Structures are given as structure tokens and as C-alpha cells.
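Open the structure in a viewer and keep the selection panel at hand. The stops below say what to select and what is there.

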Amino acid sequence: MERANGRKENQLRDITISVDVLKNPHGSALIRWGDNIVLCTAFVEESVPPFQKGSGSGWITAEYSMLPASNNTRRMRDISKLRLDGRSSEIQRLIGRSLRSIADLELLGERSIWVDCDVLQADGGTRCASITGGVVAVYSAMQKLLEKKVIEENPIRSFAAAVSVGVGEDSSLLVDLDYLEDSAALVDMNLVMDEDFGTIEIQGTGEKRPITPVEMAAMVELAKNAIANLIEIQKRSLGIGL
């Protein structure tokens, strides 16, 4: 299948992650993934939700939003609708689950990390960009707490990233679908994995037909290769030796 910019079927779009782009959050990352631009920030608070009080463990939660100019037509802010958009709610829960899965919350102590992912520009795969950038923002925040001796050990046990895979309209297997490819895909899937390729979450849908077992296995392999590349980009952005 011929893709935009001559990209191969198993090739990611161009990705860059800039770290600590803002002075106020404990950690921040601006991820540019193809035409996606997502700002991820991490704030640490010296408190936990009521269900964690007295447990000695912390908590990580996320919020996600698409800014009005992120699409080619203006998107209404959630506040103007007086409710959180259903899609935004689902994605921010996914981001929170993904980050908690790679953290030792006891090492965090009774603290909360608020991760905010704001989509400045969207072109398919913003949830994957949010998770991938969110991990970098949180890791950067934890590095600062370590330097200040607020915590004794980094609670982030592993890096993790997310990527989309799918079956194109011509039945070709694709990794990292942009908006047009995603809209036309026969099958669409998002996978979140840690650096040992442990699966954190799979979201898959047979958009126009069911997913075959052979396709499922092939898409997981595609995702593994992409995740390895993404985690290399994350570590490089943080100055961590590979």
C-alpha cells in the first residue's frame, strides 16, 4: 500500500520529544508525532485520593483534552458543553491505567501525579502520543524529586509506549495510522506495551470485518517493533544511555 510521504507499511511517522518545555510543572514533554502535537505535563501533589489515604501508596491520574484548533474545524471545549466528552473520558482513563501499570506506587509515597495531555494538533493516534509523551513527562518529574531527595528511588519501573496498528482498505498491515488511514481501515487497534513487550492494554475493533487470528498475531509483532523504537526515542529525549 502506498502511504503518505512514501512511508513503508511498517514505518512510524517522524517523532520528536522535547523535555521540560515548561517551567511550572514538575515534568513536561512536547511530543510531535507526524502531524500530531501533544503537550504532556506532570504535577506532583503531596496528597492522595481518599481511597489511598493511610495506605502508604501514591496515585497517578490523567486528564486529556483536544484544544479547539486541533482539528480542521473548531472543536468545542468540554466546559462549553457542561460535560466531559465521552471519548476524552475513555482516553484519559487509558492514559492513567497505562502509567500506573509501570509504577511502584509505594515508592511514590502518599503523593499524586497529575498528568495532563493537551492535543494542540491532531492527525490520528493522539492517545498513543499522549501515553508515550506522558511517560516522559512523569519520568522527568521523578528525576527532579530524586535530585531533591523527596523520594529515594524512582517509582517508574519500566518505560512504556503506545502505537496504533491496523489493516488498510487494501488488506495490508499498517503501523501508526494517520487520520485518513484510520478512517478507511478495515481493522483498527491500539497497543500499549512496556519495554519488555509486556502488554498493558489492547484496544481493537473490526471496523468493517472481524480480525483474523493471523492478523492479530502479525499486528502484535508490528507493534512490538514500533514500541522498541518509541522507547528508544523516549530514553534519548531524557538523556538516558541505551
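What volume does the largest pocket have? The model shown is a predicted one, and in it the largest pocket has a volume of about 460 Å³.

**The largest pocket**

Select Arg87, Asp123, Gly124, Gly125 and Tyr179: of the 18 residues that line this pocket, these are the closest to its centre. Then colour H4, helix H5 (179-184) and S8, the elements that give two or more residues to the lining. By class, the lining of the largest pocket holds four nonpolar, eight polar and six charged residues.

**The second largest pocket**

The lining of the second largest pocket includes Asp123 and Asp178. The volume here is about 200 Å³. Two nonpolar, three polar and six charged residues make up the lining of the second largest pocket.

**The four-stranded sheet**

Now switch to a cartoon view and find the open sheet of four strands, whose order is S7-S6-S8-S9 with antiparallel pairing. Which strands stand at the edges? They are strand S7 (173-175) and strand S9 (199-206); each has a single partner strand, so one side of each is left without a neighbour in the sheet. From one strand to the next, the twist averages 15°.

Zoom in on strand S8 (residues 187-194), which runs antiparallel to S9 and is joined to S9 by seven bridges. To see where residues of the two strands face each other, select Val187, which stands opposite Gly206 in S9.

**Helices across the sheet**

Select helix H4 (residues 126-147) next. Helix H4 lies across strand S6 (160-167), S8 and S9, and runs at about 165° to S6. H4 was also coloured at the largest pocket, as one of the elements that give two or more residues to its lining. Follow with helix H6 (residues 213-238), which lies across S6, S7 and S8 at about 145° to S6.

**A last stop at Ser65**

Finally, select Ser65, in strand S4 (residues 59-66). Which residues is Ser65 in contact with, leaving aside its neighbours within four places in sequence? They are Cys117, Asp118 and Val119.

Note on methods
Residues numbered from 1 in each chain as written. Predicted model: local features only at pLDDT ≥ 70, side-chain atom pairs only at ≥ 80, totals over all residues. Heavy atoms only, no water. Contact = heavy atoms within 4.5 Å. Pairing = 2+ DSSP bridges. Axes fitted to C-alpha atoms, helices over the stretch in contact; angles between N-to-C directions. 1 Å grid on protein atoms, 1.4 Å probe; cavity = no way out; pocket = protein on both sides within 12 Å on 5 of 7 lines; lining within 4 Å. Points joined across faces, edges and corners; volume = space filled by probe spheres on them. Nonpolar A, V, L, I, M, F, W, Y, C, P; charged D, E, K, R; others polar.
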